[in-house]
Amino acid sequence: MPLSLILACLWALGANVLAMTPSRDKHWRAAYVLIGVGIPILGYVTYQTGPLMGFLCLLAAISILRWPVVYLWRWMRRSAASGPGLAED
């Protein structure tokens with residue numbers, strides 16, 4: 001098994017352990033750390049094993065970090081609905 005996939009599995013294991021711990025901020029700080037660590041790992045997986053495995057790891061990460069993705073999607077839809085010239089500065 002390539003090192004990149006071992007790192008991705010350790011990332012997923014760490015994410016699940018973090019999800020089981022109590023948190024006052026509803027795990028948002030942990031989510032930011034996981035995103036910051038996960039993006040380079042995802043790039044490494046894609047580089048080492050190809051785009052298909054990178055995409056599968058991306059789907060796994062999205063299933064683990066679903067709320068940040070939901071909020072990003074809502075923000076993108078709201079930004080697109082406001083129009084290019086109507087956005088507030």
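This is a predicted model: local features need pLDDT of at least 70, side-chain atom pairs count only at pLDDT 80 or more; totals for chains, interfaces and linings use all residues.
Residues are numbered from 1 along each chain as its sequence is written, and side-chain values use heavy atoms, leaving out hydrogens and water.

**View 1. Helices H2 and H3 pack against each other.** The axes of H2 (residues 28-49) and H3 (residues 51-64) come within 7 Å and cross at roughly 155° (helices are DSSP runs of H or I, at least four residues, numbered from the N terminus; axes are lines fitted to C-alpha atoms over the stretch in contact, with angles from 0 to 180 degrees between N-to-C directions). The two helices are therefore roughly antiparallel (an angle over 145 degrees). On the H2 side, Leu 42, Val 45, Thr 46 and Thr 49 make the contact, meeting Pro 51, Met 53, Gly 54, Cys 57 and Leu 58 of H3 (contact means heavy atoms within 4.5 Å).

**View 2. Ser 4 sits in helix H1.** H1 spans residues 3-20. With 0% relative accessibility, Ser 4 counts as buried (under 20% relative accessible area, 1.4 Å probe, protein chains only). Leaving aside residues up to four places away in sequence, Ser 4 touches Ile 41, Tyr 44, Val 45, Gln 48 and Thr 49.

**View 3. The largest nonpolar core has 10 residues.** Its members include Leu 5, Trp 11, Leu 34, Ile 41, Val 45 and Cys 57 (such a core is a set of buried Ala, Val, Leu, Ile, Met, Phe, Trp, Tyr and Cys residues joined through side-chain atoms within 4.5 Å). H1 and H2 are the elements that give two or more residues to this core. Beyond four places in sequence, Leu 5 touches Val 45, Thr 49, Met 53 and Cys 57.

Key. Angles under 35 degrees count as roughly parallel, over 145 as roughly antiparallel, 65 to 115 as roughly perpendicular and the rest as oblique. Buried means under 20% relative accessible area, exposed over 50%, partly exposed in between (1.4 Å probe, protein chains only).
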